[in-house]
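The following note was prepared for a colleague reviewing the model.

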Amino acid sequence: MLAVYAQSQSRTDPLSGLVVGERPEPEPREGWSLVTLKAATLNHHDLWSLMGVGLPADRLPMVLGCDGAGVDEQGREVILHSVIASPGWQGDETLDPKRSLFSEVYDGTFAEKVLVPSANLVPKPAGMSFETAAALPTAWLTAYRMLFVAADVTPGSLVLVQGAGGGVATALIQLGAAAGLRIWVTSRDEGKRAQALKLGAEAVFESGARLPEKCDAVMETVGAATWSHSVNVLRPGGAIVISGATSGDAPQKAELTKIFFRQLRVIGSTMGNLHELQRLTQLVVSRGIEPVIDTVMPLSGAREGFARLHSGQAFGKVVFTA
Ligand SMILES: NC(=O)c1ccc[n+]([C@@H]2O[C@H](COP(=O)([O-])OP(=O)(O)OC[C@H]3O[C@@H](n4cnc5c(N)ncnc54)[C@H](OP(=O)(O)O)[C@@H]3O)[C@@H](O)[C@H]2O)c1
């Protein structure tokens with residue numbers, strides 16, 4: 001079958017280890033279902049895997065991809081929940097110390113056939129496109145938990161999103177606006193700031209700009225480049241919810257004094273659980289939200305999509321169709 005996989009890893013040239021080619025079809029496994037892929041979307045996670053972050057080299061070759069939607073063996077249209085708990089785990093699967101995402105231990109979703117734990121299949125609503133469905137399980141689920149589970153904000157709260165163009169950032173803007181939050185956004189790029197306004201942001205700013213009001217919460221996925229700004233823009237008692245560090249995880253200053261003196265909360269957040277994915281899916285349907293899609297291309301053209309994400313040009317999700 002056609003698949004997109006990591007053959008080798010390089011910190012400086014991640015695309016050098018990327019292969020679009022043939023892989024064997026998955027072998028059946030008790031308790032797992034075989035899904036014929038219809039659409040999958042690219043995440044920064046796939047670039048990290050090619051860079052050797054979170055994927056040990058001894059697991060290569062590994063089919064990449066965390067997100068997907070397709071049709072199972074019974075002909076049901078399904079969304080694939082990416083967080084795979086270890087056998088016997090009870091409770092929130094994101095808290096299972098042995099949990100993995102697709103493409104970390106088990107092959108990922110960038111393939112014509114994907115083997116998925118049967119418990120991880122979420123019915124795709126009939127009116128939802130496969131492209132939209134495939135955008136939900138990683139970036140959108142992460143944004144959902146950051147805003148509605150971790151941040152402790154309510155409609156009318158002022159929330160700053162660091163970065164405009166990323167998959168998580170665009171999801172935060174669209175979900176936050178739909179839920180009645182006041183969403184402010186920073187970006188390095190003027191064009192992306194304009195696009196963020198169209199998505200429902202109340203105001204946009206250059207990265208690092210002084211803000212006219214203190215924020216209730218900051219949604220942080222950029223990391224080192226924006227950390228001090230995130231601390232500085234919060235009101236006393238405000239919260240930084242962090243789920244990523246694209247620009248690095250060692251900021252010049254940890255800002256410890258400001259964090260304790262102003263009683264800030266720093267909350268780590270990773271993915272979401274199956275119930276949150278189900279609720280996100282319902283929210284997207286009931287509010288008629290269309291996740292921003294940057295580009296759609298066939299799986300066979302995946303290299304172009306990776307190059308686009310790596311260049312930082314993408315605004316929203318890059319989708320692969322099968
Ligand atoms: N913990 C989890 O469960 C989880 C889930 C999903 C993603 N993540 C992580 O979250 C991060 C974002 O993921 P993504 O898929 O949305 O990635 P992405 O598409 O690469 O997004 C990168 C974002 O970071 C901003 N950015 C990058 N470098 C910057 C810099 N030097 N200064 C200011 N802004 C910068 C970009 O903003 P502009 O271009 O608009 O300036 C863009 O919004 C990644 O590190 C990813 O691994 C974690």
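Which helices each supply at least two residues of the shell around the ligand?

1. In this predicted model, helix H1 (44-51) and helix H3 (167-178) each contribute at least two residues to the shell around the ligand. The largest share, three residues, comes from H3.

2. The ligand is surrounded by 26 residues, the closest being His 44, Trp 48, Ser 187, Ser 243 and Met 271. By class, the shell comprises nine nonpolar, 15 polar and two charged residues. Domain 1 (2-124 + 292-321) and domain 2 (140-268) each provide at least three residues of this shell.

3. For Met 271, a backbone N or O atom lies 2.8 Å from a ligand oxygen. Taken alone, the ligand exposes 920 Å², of which the protein buries 86%.

4. An open sheet is formed by six strands in the order S13-S12-S11-S14-S15-S16, with parallel pairing. Strand S13 (203-206) and strand S16 (265-268) are the edge strands; each has a single partner strand, so one side of each is left without a neighbour in the sheet. On average, neighbouring strands of this sheet are turned by 20 degrees against each other, direction ignored.

5. Val 241 has Ile 267 of S16 as its bridge partner.

Conventions. Residues are numbered from 1 along each chain as its sequence is written. This is a predicted model: local features need pLDDT of at least 70, side-chain atom pairs count only at pLDDT 80 or more; totals for chains, interfaces and linings use all residues. Side-chain values use heavy atoms; hydrogens and water are left out. A residue is near a molecule or strand if one of its heavy atoms lies within 4 Å of it. A polar contact is a pair of N or O atoms within 3.5 Å; within protein, one must be able to donate a hydrogen and the other to accept it, and residues adjacent in sequence count only if both atoms are side-chain atoms. Accessible areas come from the Shrake-Rupley method with a 1.4 Å probe; for residues, only the protein chains shown count as cover. Helices (H or I, at least four residues) and strands (E, at least two) are DSSP runs, numbered from the N terminus. Ala, Val, Leu, Ile, Met, Phe, Trp, Tyr, Cys and Pro count as nonpolar, Asp, Glu, Lys and Arg as charged, and the others, Gly among them, as polar. Domain bounds come from an automatic or database domain assignment. Two strands pair if DSSP finds at least two bridges between them. Axes are lines fitted to C-alpha atoms, for helices over the stretch in contact, and angles run from 0 to 180 degrees between N-to-C directions.
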